[in-house]
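I opened this model to look up its helix packing, its salt bridges and its pockets. My notes follow the order in which I looked.

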Amino acid sequence: WIDRQMSRVDAALAAMSRGLGDQPWCAGSHYSLADIAVGCALGYLDFRYAHVDWRSRHDNLARLAEKLFARQTFIDTLPPT
């Protein structure tokens with residue numbers, strides 16, 4: 001069951017990566033709600049499933065996440081440690 005669920009996570013990451021492609025943002029040249037949604041999903045993976053190494057398989061998502069996680073709005077909503 002867990003393997004099946006993680007395969008769905010992998011499929012979602014692949015779909016997000018394909019959709020982003022080489023663009024700087026999900027909607028092309030500007031920051032949008034799509035970037036916020038992707039950032040939330042990637043942040044949740046980091047928070048709950050830190051063992052999932054999505055960055056090495058999806059370098060374009062890693063670049064996007066780096067930009068998003070540096071934004072003050074993302075910093076302000078980090079879960080408490």
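The entries below go from conventions to helix contacts, then to charges and the pocket.

**Conventions.** I am working with a predicted model, where local features need pLDDT of at least 70, side-chain atom pairs count only at pLDDT 80 or more, and totals for chains, interfaces and linings use all residues. Residues are numbered from 1 along each chain as its sequence is written, and side-chain values use heavy atoms, without hydrogens and water.

**α2 against α4.** I took helices as DSSP runs of H or I with at least four residues, numbered from the N terminus. I looked up how α2 sits against helix α4 (residues 59-69): their axes come within 10 Å and cross at roughly 95°. The axes are lines fitted to C-alpha atoms over the stretch in contact, with angles from 0 to 180 degrees between N-to-C directions. On the α2 side, I listed D35, V38, G39, L42, G43 and D46, which meet L61, L64, A65, L68 and F69 of α4; contact means heavy atoms within 4.5 Å. By class, this contact has 7 nonpolar, 2 polar and 2 charged residues. Here Ala, Val, Leu, Ile, Met, Phe, Trp, Tyr, Cys and Pro count as nonpolar, Asp, Glu, Lys and Arg as charged, and the others, Gly among them, as polar.

**α1 against α4.** I found the axes of α1 and α4 within 9 Å, crossing at roughly 80°. The two helices are therefore roughly perpendicular to each other. L13, M16, S17 and L20 of α1 meet N60, L61 and L64 of α4.

**Salt bridges.** I counted 3 salt bridges, each a side-chain nitrogen of Lys or Arg within 4 Å of a carboxyl oxygen of Asp or Glu. One of them joins D10 and R57, at 3.3 Å from N to O. D10 is in helix α1 (residues 2-20) and R57 in helix α3 (residues 54-57), 47 residues apart, so I logged the pair as a link between distant parts of the chain.

**Largest pocket.** Which element gives the largest share of the lining of the largest pocket? It is α2, with 7 residues. The lining has 9 nonpolar, 4 polar and 1 charged residues by class.

How values were computed. Parallel < 35°, antiparallel > 145°, perpendicular 65-115°, else oblique.
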